[in-house]
Each structure stands twice: as C-alpha cells, then as structure tokens.
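Q: I'm new to this one. Can you walk me through it, starting with charge on the surface?

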Amino acid sequence: MTRRGGDPVPLGEALRRFLDRARLTERVEEARAVPEWAERVGPAIAAVATPLRASRGVLVVAVRSSAWLMELKLREPELLERINAGRERGRIRKIRFVLEGP
C-alpha cells in the first residue's frame, strides 16, 4: 500500500485502515479482554475463572465451581468496570459465566 505521493504506508497504519474498512476494529479491541483478564480481575479471580472468548460485547468465562460462579455473577458490575477501564472501543457489556468442563 502506498500513499498518494507514492511513499509506502507503515504496516501498522495499513492494518488499522483495513480493520476499519472491514469493520473489525471493534471486534479486535473486544477480543483483547481475554488476554487481559488476569491483569484486570486480579490473581484470586484469575485462579478460578478462565476467559474463553469475547463476541458482540459478551465475554464468556469458565468458572471452576458453582459457588464461584454465583460469587462472580454478583460481582459482574465490578468486573465489567475493571475490564472496561480505559477502553474507548470494544467494551464488554456482559459476562456470561459457565461451569468449567470435566
């Protein structure tokens, strides 16, 4: 990709343009919630809950036990605040907690 004057466009800029045109920027930002989970929620919660995926504003999180699932459901507003702190795009609006498989 080149600019009007024929100068090459930096790869990062070209990728940002592509994501914007394809309307994927929001989804890419949203997906960042998965690798950032442990840092945002802290080690105690990260030890018992694992994010699986983020899609259309919903973060799906596998939880180790039903007791923790209920606890985290009660704390969902607080967790959403932590996850979305500093985020302008790709905000998570809901967390769906599921029990971890065997």
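Q: Which residues gather in a patch of positive charge on the surface?
A: They are Arg 53, Lys 73, Arg 93, Lys 94 and Arg 96. Keep in mind that this is a predicted model.

Q: Take Arg 93. Where is its place?
A: Arg 93 sits in the loop between H6 and E3.

Q: Is Arg 93 buried or exposed?
A: Arg 93 counts as exposed, because its relative accessibility is 58% and the cut-off for exposed is over 50%.

Q: How far apart are Arg 93 and Arg 82?
A: In sequence, 11 residues. In space, Arg 93 and Arg 82 are 12 Å apart, C-alpha to C-alpha.

Q: Let's zoom out. How many helices and strands are there in the protein?
A: The protein has 6 helices and 3 strands.

Q: And how do the elements run from the N terminus on?
A: The order is α-α-α-α-β-β-α-α-β.

Q: What radius of gyration does the protein have?
A: The protein has 17 Å. A compact globule of 102 residues would have a value near 13 Å.

Q: What does the C-alpha trace span along its principal axes?
A: It spans about 60 × 30 × 20 Å.

Q: What share of the residues count as buried?
A: Of the 102 residues, 33% count as buried.

Q: What separates the C-alpha atoms of Trp 37 and Ile 83?
A: A distance of 7.2 Å. Along the chain, Trp 37 and Ile 83 are 46 residues apart.

Q: Now salt bridges. How many does the structure hold?
A: It holds 8 salt bridges.

Q: Which residue forms one with Glu 13?
A: Arg 17 does. The closest N and O atoms of Glu 13 and Arg 17 are 2.5 Å apart.

Q: How are Glu 13 and Arg 17 placed in helix H1?
A: Helix H1 covers residues 11-21. Glu 13 and Arg 17 are 4 residues apart there, so about one helical turn separates them.

Q: What does Arg 17 count as, in terms of accessibility?
A: Arg 17 counts as partly exposed, at 30% relative accessibility.

Q: Back to helix H3. What do the side chains of Glu 36 and Arg 40 meet in?
A: They meet in a salt bridge, at 3.3 Å from N to O. Both residues lie in helix H3, residues 33-41. Glu 36 and Arg 40 are 4 residues apart, about one turn of the helix.

Q: What are the relative accessibilities of Glu 36 and Arg 40?
A: Glu 36 has 13% and is buried. Arg 40 has 21% and counts as partly exposed.

Q: What about Glu 36 and Arg 87?
A: Their side chains also meet in a salt bridge, at 2.8 Å from N to O. This pair links distant parts of the chain, 51 residues apart. Glu 36 is in helix H3, while Arg 87 is in the loop between helix H6 (76-84) and strand E3 (94-99). Arg 87 counts as buried, at 7% relative accessibility.

Q: Which residues are linked in a network of salt bridges?
A: Glu 29, Arg 32, Glu 36, Arg 40 and Arg 87.

Q: New topic. Which residues form a nonpolar patch on the surface?
A: Leu 15, Phe 18, Leu 24 and Val 28 do. Together they have about 340 Å² of accessible area.

Q: Where is the place of Phe 18?
A: Phe 18 is in helix H1. Phe 18 is partly exposed, with a relative accessible area of 46%.

Q: One last thing. What is the phi of Arg 56?
A: Arg 56 has a positive phi of about 55 degrees, although Arg 56 is not a glycine.

Q: Where is Arg 56 found?
A: In the loop between strand E1 (49-55) and strand E2 (58-63). Arg 56 is exposed there, with a relative accessible area of 63%.

Terms used. Residues numbered from 1 in each chain as written. Predicted model: local features only at pLDDT ≥ 70, side-chain atom pairs only at ≥ 80, totals over all residues. Heavy atoms only, no water. Salt bridge = Lys/Arg side-chain N within 4 Å of Asp/Glu carboxyl O. Helix = DSSP H or I, 4+ residues; strand = E, 2+ residues; numbered from the N terminus. Buried < 20%, exposed > 50% of the residue type's maximum accessible area, 1.4 Å probe, protein only. Patch = residues over 30% accessible without salt bridge, like charges linked within 9 Å, V, L, I, M, F, W, Y side chains within 5 Å. Areas by Shrake-Rupley, 256 points an atom, 1.4 Å probe, with all protein chains shown as cover. Lys, Arg positive; Asp, Glu negative; His and termini not counted. Charge placed at Lys NZ, Arg CZ, Asp CG, Glu CD. Rg over C-alpha atoms; globule rule 2.2 N^0.38 Å.
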